[in-house]
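I set out below what I looked up in this structure, entry by entry.

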Amino acid sequence: MKKMGFLKKFSKRGGIMVKKAVYLMVLSVLLLSLAACGGGTESDVTKVRIWSSSKHSKDVMTKLADEWNNTTGKEKKIKIVYEIRENISSDVDMAMSAGNAPEMFGYLSAGHAMDGKIVALDDTEVGKQLLESYPEEFCAGFKINGKTYSLPFSAATRGLVYNKDMFKAAGIVDENGEAKPPVTWAELVEDAKKLTNVSKDEYGIAFPMKWDTWVTSDMLSPGFSSVGFDGYNPVTGEYDYTGYEPIFNAVMQIKKDQSYLPGAEGLDNDPARAKFAEGKIGMKFAFSWDVGVFNDQFPAKCDWGVAEYPVIDADNKYKQLMSINGDMAINKSAADKIGIDKIMEVYKWYYSDEVITELYKNCMEIPVIPERVKDKEIIKDKKGWVDFCNLVNISTVRPAGKPTDTSGQTDLKSEFINKVWPGEMPVKTALENYTKIMNDGVKKYKEIHPEEDMEQYVNKYWNIKR
């Protein structure tokens, strides 16, 4: 009897086990059915994380990523996870060390490339195809030891913003009565003088000398379109700053005329931009990202325009300088883990016409190839945006200069601000001294790095004349 009772008990427990097994089988069938219908499970979808520091375009990029996830991504079982990281370089470095870095990130490190931690695009079929769609010089900034680790994503152009109201009031107009920006540096000097009206607290131009990059941004960079290079001459393979003398002299003449906003030595860029927005400054050198400044951060109270950089000689113009943004790198260990093909599907999307067009239409990014957005209508038009975008047509990137070791030497910014501006050193002397410092720096670097091929930085066919 006891034995029979045991069997009954076992039979009862066995029935429960059978019921559980049937339940699990039914559940599995349901899940498989859902997957077959396109619902899928989280486990069969490959996530590709993207870390970016482009906070200004977060909403548009997130929307585009969601749209891709629900179409192409759904079909290929890949999901983009787009995140903004304000301290992206340190975040990526720490994540790389911890072994949990995202599949793609907007931070290109030479160290990561040298250590084999990021993927060289030249080593992938999709990467090679993408590289062929950009001018070679645009990709030069993403090369490390002969390999390319990123692509051009957008451009940042530069120009002279000018207060049309002040120009008209000063009579600096064309035959139609429209404000006429200066074409040459000589005209800029004269215009600055005409625009200055101390009684109205109005000045011809602002020099934010406290800004770390002021000498580069307001003299060297504009000089690119006058001299044909930016300090380093790729044709001769030498540094030469002597051609900038007329430009530096023009700045010193404006100082002598007192036609600049007073207090330049302690003026940073933000206060200078705020003063221009108030309608008190006639001219200022600016970047394409200043469109956001004068429309949102410091909404301009004046009618303003964007002009090309002035040149030394109107009959000898070279292309203007622009910079290229596009530091999206691919995590090598992640590619080995989930497959480079899946990551490249997302990489293609990131650099697609669809993405760059949408960002252009929302006044967020300027395409390096204007044809990609030809005839596209701006969604949220911002004053000055199209003008800065159009400057891409007359702009190019600086050629890579020979590496230097100038440790212990004075840079041109310090020399100008501390000696030239106070009148203790002639412009010519400062430029000649810095030319020598840079070329001596090349020799010193070569001695330390004899393996470096300096001929790769020489381009005898360099010609950017307009």
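In which loop is the place of Cys363? I found Cys363 in the loop between helix H16 (353–361) and helix H17 (385–390). Before going further I noted that this is a predicted model, in which local features need pLDDT of at least 70 and side-chain atom pairs count only at pLDDT 80 or more, while totals for chains, interfaces and linings use all residues. Residues are numbered from 1 along each chain as its sequence is written, and side-chain values use heavy atoms, with hydrogens and water left out. For the element names I kept to DSSP runs numbered from the N terminus: helices (H or I, at least four residues) and strands (E, at least two).

**Entry: loop residues**

I looked up the backbone of Cys363 and found a positive phi of about 60 degrees, although Cys363 is not a glycine. Its relative accessible area is 10%, so Cys363 is buried (under 20% relative accessible area; exposed is over 50%, partly exposed in between, with a 1.4 Å probe and protein chains only).

I then turned to Asp375, which is also placed in the loop between H16 and H17. Asp375 has a positive phi near 65 degrees and is likewise a residue other than glycine. Is Asp375 buried or exposed? Asp375 counts as exposed, at 72% relative accessibility.

I looked next at Gly243, in the loop between strand E10 (238–239) and helix H11 (245–257). Gly243 counts as partly exposed, at 30% relative accessibility. Leaving aside residues up to four places away in sequence, I found that Gly243 touches Val227 and Ile312, where contact means heavy atoms within 4.5 Å. Gly243 and Ser226 are 17 residues apart in sequence, and their C-alpha atoms are 8.5 Å apart in space.

**Entry: the sheet with E11**

I traced an open sheet of four strands in the order E8-E11-E7-E12, with mixed pairing. Two strands pair if DSSP finds at least two bridges between them. The edge strands are E8 and strand E12 (304–307), each of which pairs on one side only. Direction ignored, neighbouring strands of this sheet are turned by 25 degrees against each other on average. Axes here are lines fitted to C-alpha atoms, for helices over the stretch in contact, and angles run from 0 to 180 degrees between N-to-C directions.

I recorded two helices on this sheet. Helix H9 (residues 185–195) touches E7, E8 and E11, and its direction makes about 135 degrees with that of E11. H13 touches E7, E11 and E12, and its direction makes about 130 degrees with that of E11.

How many residues of strand E11 are buried? Seven of the seven residues of E11 (residues 281–287) are buried, so the strand is largely enclosed by the rest of the structure. Strand E7 (residues 158–163) pairs with E11 in the antiparallel sense over five bridges. In this pairing I located Arg158 with Phe287 as its bridge partner, and Leu160 opposite Phe285. Strand E8 (residues 203–205) pairs with E11 in the parallel sense over two bridges, and Ile205 stands opposite Met283.

**Entry: the sheet with E1**

I found another open sheet of four strands, in the order E2-E1-E3-E15, with mixed pairing. Its edge strands are strand E2 (78–84) and strand E15 (328–330), each pairing on one side only. The twist averages 20 degrees from one strand to the next. Strand E1 (residues 46–52) and strand E3 (residues 104–106) pair in the parallel sense over two bridges, with Ile50 opposite Met104. Helix H15 (residues 340–350) lies across E1, E2, E3 and E15, running at about 170 degrees to E15.

**Entry: helix packing**

I looked up helix H10 (residues 214–227) against helix H18 (residues 412–420), and found an angle of about 95 degrees with the axes 10 Å apart. H10 and H18 are therefore roughly perpendicular to each other (angles of 65 to 115 degrees; under 35 counts as roughly parallel, over 145 as roughly antiparallel and the rest as oblique). The contact is made by Trp214, Val215, Met219 and Leu220 of H10 and Leu412, Lys413 and Phe416 of H18.
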